[in-house]
Amino acid sequence: MIDNPKITDPEKEKRKIKCVKKMKEIMTSYYIDAKTAVQNNKKVAWITSGGPVEPLIAMDIIPVYPENHGAMIGAGKMGADLCSKAEDMGYSRDLCSYARADIAASPINGGPIGGLPKPDMLVCSNNICGTVVKWYEIQARYYNVPLFIFDTPFIHSEPSPEALKYVKRQMGEYITFLEEHSGRSLNHDRMKEAGILAIRAQNLWQEILDTAANRPAPMTAFDAFFHLALIVTLRGTSTVVDYYTELLAELKERISLGIGMVPEEKYRLLWDNLPVWYRTRWLSDKLSSHRASLVADTYTSAWCGTTHLYDENNILESMAVAYSSVYLNISIDRMYEIIRGMIFKYGINGMIMHSNRSCKPYSFGQYDLQKMIMKNLKIPVLIIEADMVDERAFSESQTETRIDAFMETLASG
Amino acid sequence: MSNLDAFYHALENPGRYIRQWKKETEKRAIGFFCSYAPEELIHAAGAQPVRIFGSGENMSRADSHIQAYCCSLVRGSLADALSGALDYLDGTVFPHTCDSIQRLSDIWRLNSPIKMHIDVILPVKLNTASSREYMNDVIKKFRRDLENKMGISISDEEIIKSSILYNRIRKALRELYKIKSMNPGAIRGRDLHTAVKAGMVMDRNVYADHLEEYIKELRSAMHGASSDRYKRVFLAGGICNIPDIYSSLEESGGAAVWDELCTGTRYFDGEIKITGDPVDAIAERYMERLICPVKYRSMNERSDSLVRQVREHDAGGVIFLILKYCDPHSFDYPDMKKRLDMEGIPSTLLELEDGRGIDGQIKTRIESFLEML
């Protein structure tokens with residue numbers, strides 16, 4: 001048999017981010033470590049994407065993210081199958097598809113990596129939604145392991161002094177929980193080190209996202225969706241700092257060479273909500289065909305939106321405040337202020353909101369945000385209906401028609 | 001007007017009742033969501049706490065503000081607020097419960113004509129020292145927020161008076177439920193449901209009197225009627241805004257003898273201590289009472305409590321009443337059902353939507369479930 005020589009389009013090759021290969025290696029080795037934790041006498045904690053992970057890193061407990069698992073299931077187009085399995089278990093089709101897919105994957109070791117490693121404990125912060133609390137309760141019962149809830153009171157206007165006191169006090173309870181269930185005690189120097197690395201990683205992530213302010217944008221939100229996995233899963237380690245340093249250098253080089261991700265970029269769009277994981281490639285190609293670059297999003301920037309609240313000299317308490325102030329834990333009017341800032345920073349011409357059936361706290365309020373943005377900022381906003389993982393809730397033809405019509409409006413506007 | 005008529009009258013048109021009440025008393029009315037709203041303090045502030053249910057009418061009014069994959073309680077209430085149907089309210093209180101109510105609070109604040117708006121961001125977990133302290137802090141903050149926004153001051157004496165009244169009401173409601181459990185034929189399900197919900201709308205002092213008299217009436221009318229003819233059913237879930245459920249049950253030979261609904265026992269469970277700091281005492285009841293799925297105390301709490309109550313009231317089966325798109329209840333359902341299966345307690349799930357009522361399909365489900373018992 002003769003191997004077909006791989007035909008590469010030099011134009012396309014030029015646009016590819018070269019670091020990607022390394023990123024894949026890092027994630028693979030991370031999952032191998034996690035899946036062999038028992039053999040290596042290490043504890044595994046499942047944690048929500050917005051949960052305070054730094055103490056786990058400082059205590060050598062391996063953090064595992066069911067939400068990242070959900071994203072992989074979605075990207076691997078295994079969502080509909082696992083979600084329908086969850087429905088067979090009695091879970092309503094209207095529930096979050098990350099939760100459904102993960103709950104259904106547990107008993108059958110389903111999903112692209114043959115299931116997540118069994119947790120020794122669960123850590124759940126409701127700063128992103130109330131759904132995670134229910135989801136983690138179910139998994140705590142299923143695996144019969146202890147659950148810690150880091151409860152972050154929602155911020156409708158300003159964080160109340162009562163809430164700040166509460167979240168700070170919980171940090172102490174969290175450490176006690178971890179010490180009790182890992183049999184180790186927290187070394188405060190290592191804690192500080194993890195905290196400082198987390199701050200550096202977040203700053204780097206912000207710089208990476210900010211490269212897209214350049215015209216043409218050297219990366220798009222689709223690249224951010226992919227590279228996000230590191231700030232989510234390895235925040236607090238030097239691995240993410242090293243990788244992001246390299247990625248940032250590559251992006252800066254692209255800027256100096258004038259390499260944009262979208263050929264002949266003309267329109268610059270902002271994305272709201274989680275990605276439609278099973279259609280990212282399709283959507284990216286669709287937008288490129290309109291010379292539209294999705295230069296920023298409210299989702300991946302949530303992992304660096306509160307860096308300014310960290311204090312290196314008071315890591316634990318400042319972390320508690322930062323974690324309770326994240327993007328999804330704030331009111332629509334506060335979200336609007338952040339979106340407004342992004343529209344100016346990235347030179348946005350139009351916005352696409354993903355009305356995501358799986359994520360009520362992210363999606364409810366979009367209609368009002370849409371009106372505020374269109375009225376006050378004169379930026380057109382398209383809302384598309386989909387689901388982040390369950391492809392049964394997505395209509396490609398309908399979405400395509402709506403995007404085409406939206407892009408026509410932009411072109412004529 | 002008989003006691004029962006008074007309940008029906010108030011609930012049939014809460015707006016009419018409250019407008020009339022305001023005219024007579026020249027006091028303010030404050031709407032609230034959920035059984036976790038500390039309404040004792042609203043009452044102590046001299047205002048009338050009114051639970052918002054959503055009329056189910058003109059639901060499409062909410063469509064330009066919230067997606068269709070949201071529960072009918074949230075959409076219906078928002079539609080009512082936007083249409084002016086809630087214009088008798090001087091303010092709204094949003095306790096932190098689910099993700100949908102959380103966002104509803106934002107949308108409401110930005111769009112509804114009701115200007116006074118208070119969020120009560122309660123803790124989600126109720127099992128730690130920090131959450132206990134925070135619960136106390138938040139209820140105290142709520143008192144201050146009410147004082148500031150209403151331009152009044154609420155005395156400890158008023159709070160104690162209010163707590164005593166609420167204890168009286170809750171005790172009477174427990175009595176009423178016990179009558180139903182001991183003698184299901186003594187009171188129609190629909191009447192019981194109306195009697196409970198009227199207490200979320202009516203002047204609480206007037207209501208307490210009616211309720212106690214109603215219980216006396218029921219007691220004197222009972223002459224040892226046998227309860228054997230009813231298949232005893234337990235209702236699990238959130239709020240019930242569809243009284244036809246009770247009629248359907250009874251038409252099929254069943255009776256709901258106990259529940260864990262927000263429009264039922266979850267509302268009246270627990271007593272406020274009358275000693276010590278009066279606000280802390282209110283906070284303590286919210287820490288201890290029967291939880292709903294948006295609060296966490298321990299891993300199996302809801303299943304344990306369900307099985308215990310089903311046994312205590314000798315129910316032959318459980319009907320889960322869950323509003324479509326209610327995430328917290330839908331997440332709890334499979335494990336609770338599994339637990340009931342293990343205990344040999346039959347159950348069925350009815351997914352409901354306000355404004356839809358009961359269709360033939362639901363009736364058939366109820367009938368065939370009762371046949372199984």
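Visitor: Which residue in S4(A) is the bridge partner of A:Ser125?

Guide: The partner in S4(A) is A:Phe150. This is a predicted model, where local features need pLDDT of at least 70, side-chain atom pairs count only at pLDDT 80 or more, and totals for chains, interfaces and linings use all residues. Residues are numbered from 1 along each chain as its sequence is written, chains are lettered from A in the order in which they are written, and side-chain values use heavy atoms, leaving out hydrogens and water.

Visitor: What makes S3 and S4(A) a pair?

Guide: Strands (DSSP runs of E, at least two residues, numbered from the N terminus) pair if DSSP finds at least two bridges between them. S3 (residues 121–125) of chain A and S4(A) have four bridges in the parallel sense, so they count as a pair.

Visitor: Why are S2 and S4 of chain A called edge strands?

Guide: The open sheet runs S2-S1-S3-S4 in chain A, with parallel pairing. Strands S2 (62–64) and S4 (147–150) each pair on one side only.

Visitor: Why is the meeting of A:Lys165 and B:Asp137 called a salt bridge?

Guide: The term asks for a side-chain nitrogen of Lys or Arg within 4 Å of a carboxyl oxygen of Asp or Glu. Here the N to O distance is 3.0 Å, so the pair qualifies. Between chain B and chain A the count is nine salt bridges.

Visitor: How many residues of chain B are in contact with chain A?

Guide: With contact meaning heavy atoms within 4.5 Å, 47 residues of chain B touch 55 residues of chain A. H5(B) brings the largest share of chain B's side, 10 residues.
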